[in-house]
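Take a walk through this model, one stop at a time. Keep the sequence beside you as you read.

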Amino acid sequence: MSEAVREPFADLPHQRDAVALGMWAFLGQEVLFFGVLFVFYTSLRLRHPDLFAAFAPRLDWRLATAMTVALLLSSFTMALAVRFAFTRARVKLLLSLLATLALGAAFLAMKGWEYAHHFARGETPFVDLADELGPGPGLPTFFGLYFVLTGFHALHVLGGLVALAWLGFAAWRTPAMDLRGSPVMAVGLYWHFVDIVWLFLFPALYLAARLT
Amino acid sequence: MKSWLTTTDHKRIALLYLGTMTLFFTLGGLLATVIRVELATAASDLVTAETYNRLFTLHGVIMVFFFLIPSIPTFLGNYLLPLMLGAPDLAFPRLNLASWYVFVAGGLLTLTAMIAGGLDTGWTFYTPYSTTFSDSHVVLAVLGVFLAGLSSVFTGINFIVTTHRLRAPGLTWMRLPLFVWSLYATSLILVLATPVLAMTLLLVAIERGLQIGIFDPEVGGSPLLFQHFFWFYSHPAVYIMILPGMGVISELIPCFSRNRPFGYEFVAASSLAIAVFGFLVWGHHMFVAGQSYFASVVFSFLSFAVAVPSGVKVFSWLGTMHRGSVWLTTPMIYALGFVALFTIGGGTGLALAMLAVDVHLHDTYFVVAHFHTIMVGGMLMAYLGGLHFWWPKISGRLYSERWGRIAAYILLIGFLLTFLPQFLLGTQGLPRRTASYPPEYQFLQGLSSAGATILAVGYVLPGIYLLASLVRGRPAGDNPWGATGLEWQTTSPPPPHNFAAPPVVTDDPYDYPRAPQPTAIGAGHV
Amino acid sequence: MTLLAMPFEVLPAAASATSGAVDLVVFLVFAVIGLVSLGVLLAMVVLVVRNRRRPGNLTGRGHDPATIWKTELGWCALTAVVFLCLFTLGAVTFDRIERVPTGPDVLDVAVTAKRWMWSFQHPSGRRELSQLHVPAGRVVRLHLSSEDVIHSFYVPAFRLKQDVVPGWLRTAWFRATAPGTYALACAEYCGTEHALMRADVVVMEPHVYDHWLAQGDDPRPPLAAAGRALFQKLDCGACHETRLRRRAPPLEGLYGRPVTLRDGSSVLADDDYLRRSILRPDADIVADYQGGVMPTYAGLVDDDELLLLVAYIRSLADAEGVSP
Ligand code: HEA
Ligand code: HEA
Ligand code: CUA
Ligand SMILES: [Cu+2]
């Protein structure tokens with residue numbers, strides 16, 4: 001993670017600036033990426049409010065609250081990591097990265113448990129052809145939405161974990177005096193973004209039945 | 001070889017793109033050739049209807065996603081942006097190389113789909129046909145396009161950051177070349193529209209691959225939602241295609257009129273206006289799909305609004321020639337061809353944006369003619385114009401001016417003959433995407449096929465004489481056209497880090513009255 | 001000669017009550033495009049010839065900034081005005097051709113699109129395939145549904161096009177002016193034989209049509225009657241009887257009128273609304289009524305039966321004595 005000045009930049013602040021701007025642009029496109037999912041959600045909800053009333057209660061909001069807490073905490077430790085990266089406190093940086101990693105992993109573990117649970121109860125998006133009612137908006141529709149939305153989010157968390165692991169590895173090998181912040185800052189921005197997406201998903205899905 | 005595949009030099013990456021895209025264009029053109037041969041007769045006799053559907057689908061997909069959208073940005077943009085800004089490279093050189101690899105991977109996936117049996121959904125991938133009914137290789141193709149989109153996003157981010165952070169000292173926003181402005185506007189669309197397509201295509205792949213109902217009306221989905229998503233990207237995408245072309249024209253016309261651009265601020269601002277308004281008009285592709293009456297009226301209105309900044313461009317180009325010294329070189333012929341055909345193509349776009357008119361013309365050959373006039377007649381002309389203009393800079397050689405002019409005129413004639421008849425086919429009511437058609441359309445279809453033959457010759461010619469110039473051409477010198485702009489102040493071709501010493505800008509752009517006189521072609525005379 | 005005459009005719013001969021209005025707009029906008037394009041072309045030729053590079057004219061002479069601003073803004077204003085006119089013209093005509101007429105004289109035809117053919121059913125119940133017989137001079141109202149993918153009902157001579165989307169019921173209309181046979185094409189790409197998904201619209205003098213209809217040998221009961229039987233079988237009347245109006249809204253006089261919903265908005269009771277109300281009653285809840293009372297009929301009635309129910313409710317459009 002030693003942050004040498006690279007072609008084409010003449011100096012470090014310039015390069016750091018560029019990395020931040022690039023990350024912001026990337027997040028801008030992520031907003032639209034998830035935007036499609038939220039429009040999909042809205043469209044379904046407007047046309048079939050009954051689906052949400054019927055099936056949203058099957059989602060475990062207590063577990064989701066725990067996941068929310070894990071992510072919020074991880075955002076906090078991530079913010080610390082960015083700070084320590086800039087102050088070149090290597091041990092603290094490593095610890096806070098590790099904490100973020102652990103909290104993110106905990107989130108994914110809970111998500112995985114939840115998925116397994118839904119699959120075990122037959123709450124899957126796959127249309128059951130044996131169902132005598134035939135296809136029509138129903139349980140598979142709602143869980144299709146649920147798995148698509150949370151699935152893409154989980155993939156983003158996973159990507160964040162990989163980036164965190166890479167940061168941690170690089171920080172571990174870099175002498176403290178060479179530590180510089182911009183990669184940590186970039187990953188930090190990304191991590192906060194993923195966190196915010198969850199803050200929208202949580203009420204949209206888990207609390208849907210309660211909020212009407 | 002290895003040094004090329006691992007290069008991070010933006011100029012070399014640009015050339016990698018040029019090579020890749022020439023291949024795709026040739027492939028797309030060959031598909032078009034088969035289409036035109038098939039359509040020369042009314043019956044579907046050369047190929048089956050099934051094959052025909054695969055032909056135009058792949059033609060559309062390849063031409064749009066693997067040729068026209070990346071064409072000018074990734075080739076001329078990649079090559080010229082750092083030069084025009086006085087920078088040694090793009091902001092993220094390794095990301096730039098990665099974009100190319102992702103692009104190639106996407107292309108290979110799509111080609112795999114093609115070889116494995118093709119794709120027959122039309123380039124629009126409409127559901128539920130694509131998700132449930134088609135039995136072609138939708139998932140592969142969709143992932144291929146997804147990768148091409150990802151590559152676009154990377155390029156867009158790179159361009160935006162480069163323009164913001166790597167301008168030479170003294171190069172203020174109001175001194176940027178107009179080409180840079182148009183690339184900037186294009187990049188904004190690339191970054192903000194492409195993810196919508198990307199996610200939509202992923203949803204199609206998920207629905208098809210995992211049998212999850214997302215757009216399927218059987219389980220509560222909405223096919224119209226797909227159309228909204230698709231056009232939310234694909235209308236802005238047509239401005240991704242045209243804006244860089246407009247930028248090229250805005251460089252060519254001042255240079256070959258030896259004049260300052262008329263209304264620099266207006267041309268620059270209109271690029272941004274097109275980019276912004278372009279996001280608000282997607283519904284004009286759905287006038288008869290059953291969106292609400294109110295939505296249709298609003299989308300129609302906004303479609304007209306977006307045409308105002310396009311008109312500003314045309315007006316400004318004409319204004320630049322006014323009080324100029326017009327020099328009809330090969331690039332200038334292309335530029336003028338662009339202006340004429342863009343006006344016709346854009347005008348017919350307005351006809352389509354009129355609600356009552358579109359009811360009749362939607363999904364007929366009129367639409368086909370509309371977009372080929374802008375994309376082939378307009379954008380491809382701009383691409384070729386730019387290629388000829390900067391060829392001496394890129395290769396260090398001058399091409400044969402005589403053959404250049406001949407090819408340009410052949411292209412114009414071939415183009416008109418191919419696509420003007422299609423306007424009439426459309427008004428007469430022939431739907432597009434039909435392998436066979438009633439005999440009364442035979443004459444015009446035949447005319448169009450004949451024109452396509454001439455068009456093909458026009459495209460092969462530049463390939464020949466440009467390649468020939470590499471061995472036989474005269475050395476070009478640093479600034480053969482006597483053009484302004486930082487890219488002309490370095491050698492041809494430029495050295496690895498572009499400038500011997502970082503340039504400093506002290507003047508306004510396009511100071512043609514005080515620019516050096518051209519050295520190419522008879523030193524300053526006609 | 002006919003070979004040459006035919007290909008250059010711009011629009012097919014007009015054959016419906018609205019095609020004249022559309023043609024007028026088409027020619028107008030083509031005239032504007034033609035004029036502007038010619039203007040641009042002419043300007044370029046003049047500029048290239050007059051300002052060509054020659055000794056004595058080797059550099060441009062620049063422009064005065066004030067002129068630039070004035071002319072650019074003037075140009076924007078000019079194009080904006082032209083565009084506004086074109087837009088208004090298009091929108092007004094669109095309104096005219098989209099608004100579906102109602103009235104006792106309207107002929108309702110159910111159209112089903114299926115890869116790759118069109119089938120039609122007349123109010124009398126008579127069905128036909130790939131041919132649609134209609135009388136001249138009468139408003140024909142089409143109720144379009146698709147069994148698979150999106151198709152598009154396109155009759156160039158009528159300047160009429162309407163996409164047919166699976167899962168939705170669309171309405172379109174025309175009034176043919178002259179007897180004759182007109183081509184109907186599918187305009188939305190729908191798969192292998194999309195090109196061949198054509199049919200004929202045969203427009204006949206009204207008395208010939210009546211004769212044709214009488215010949216019908218299809219024993220099926222008329223649409224509305226069949227719908228009524230189904231309505232009874234499903235026991236919709238258990239709630240929708242007029243005297244039970246406290247339980248459920250009466251369906252007489254509903255079709256074609258605006259309905260006020262519980263959230264205060266208002267929707268037009270068209271085919272699609274009826275369809276939705278039957279399949280997903282809780283999507284739009286009528287003002288003054290409760291959601292969750294009417295069960296959903298999705299899965300209980302198929303597309304054909306749905307058409308029947310809708311046809312029956314449509315037939316109640318002019319029923320009397322039930323206005324609340
Ligand atoms: C580069 C590509 C490109 C560009 C730039 C445009 C530009 C425009 N397009 Fe086009 N369009 C396509 C590519 C493009 N289009 C494609 C690919 C499709 C079909 C997709 C498919 O279905 O497969 C399509 C389809 C399409 C439709 C849908 C047709 C249908 O399917 O029913 C419509 C409808 O409104 C439309 C409108 C417009 C308008 C109003 C513009 C405007 O931006 C044009 C503005 C420009 C001008 C107007 C000319 C210059 C102006 C002047 C000189 C001023 C004075 C002029 C006058 C007073 C007339 N386009
Ligand atoms: C950028 C976009 C682009 C370009 C450039 C073209 C180029 C051409 N297109 Fe294409 N076209 C589309 C985009 C494009 N098209 C799209 C999006 C569709 C809609 C698809 C759909 O409905 O889904 C379509 C559909 C379409 C149709 C309608 C099919 C139908 O609806 O049934 C037709 C029919 O004539 C057609 C013809 C042509 C022709 C003759 C060319 C010609 O201009 C091509 C000429 C080129 C050549 C003949 C190649 C020759 C060159 C070489 C051999 C290279 C040699 C090079 C060297 C030596 C270096 N196209
Ligand atoms: Cu049905 Cu095309
Ligand atoms: Cu558009």
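A residue is called buried under 20% relative accessible area, exposed over 50%, and partly exposed in between, using a 1.4 Å probe and protein chains only. This is a predicted model, where local features need pLDDT of at least 70, side-chain atom pairs count only at pLDDT 80 or more, and totals for chains, interfaces and linings use all residues; side-chain values use heavy atoms, without hydrogens and water. Residues are numbered from 1 along each chain as its sequence is written, while chains are lettered from A and ligands numbered from 1 in the order in which they are written.

Start with Ser271(B). Its relative accessibility is 1%, so Ser271(B) counts as buried. Ser271(B) sits in helix α9 of chain B, residues 264–277. (A helix is a DSSP run of H or I with at least four residues, a strand a run of E with at least two, both numbered from the N terminus.) What does Ser271(B) touch? Leaving aside residues up to four places away in sequence, its contacts are Trp181(B), Ser182(B), Ala185(B), Leu243(B) and Lys313(B). Contact means heavy atoms within 4.5 Å.

Now go to the metals. Donors are N, O and S atoms within 2.8 Å of the metal, or 3.2 Å for Na, K and Ca; water is not among the atoms, so sites may look incomplete. The iron atom of ligand 1 has a single protein donor, NE2 of His370(B), 2.2 Å away. His370(B) belongs to helix α13 of chain B, residues 365–395. The copper ion, ligand 4, is 4.5 Å from this iron atom.

The iron atom of ligand 2 has His59(B) and His372(B) as protein donors, each through NE2, at 2.0 Å. His59(B) lies in helix α3 (residues 49–85) of chain B and His372(B) in helix α13 of chain B, so the pair ties together parts 313 residues apart in sequence. Both His59(B) and His372(B) are buried. The site of the iron atom of ligand 2 is octahedral, with angles of 88 to 178° among its 6 donor atoms. Six donors count as octahedral if opposite donors are over 155 degrees apart and all others between 65 and 115. Ideal angles for six octahedral donors are 90 or 180 degrees.

Finish with chain A. Chain A has 6 helices and 0 strands. Of its 212 residues, 52% are buried. Among contacts in chain A with a separation of 6 or more, 82% join residues 24 or more positions apart.

Note on methods:
Four donors count as tetrahedral if all angles lie between 85 and 135 degrees; four count as square planar and six as octahedral if opposite donors are over 155 degrees apart and all others between 65 and 115; anything else is irregular.
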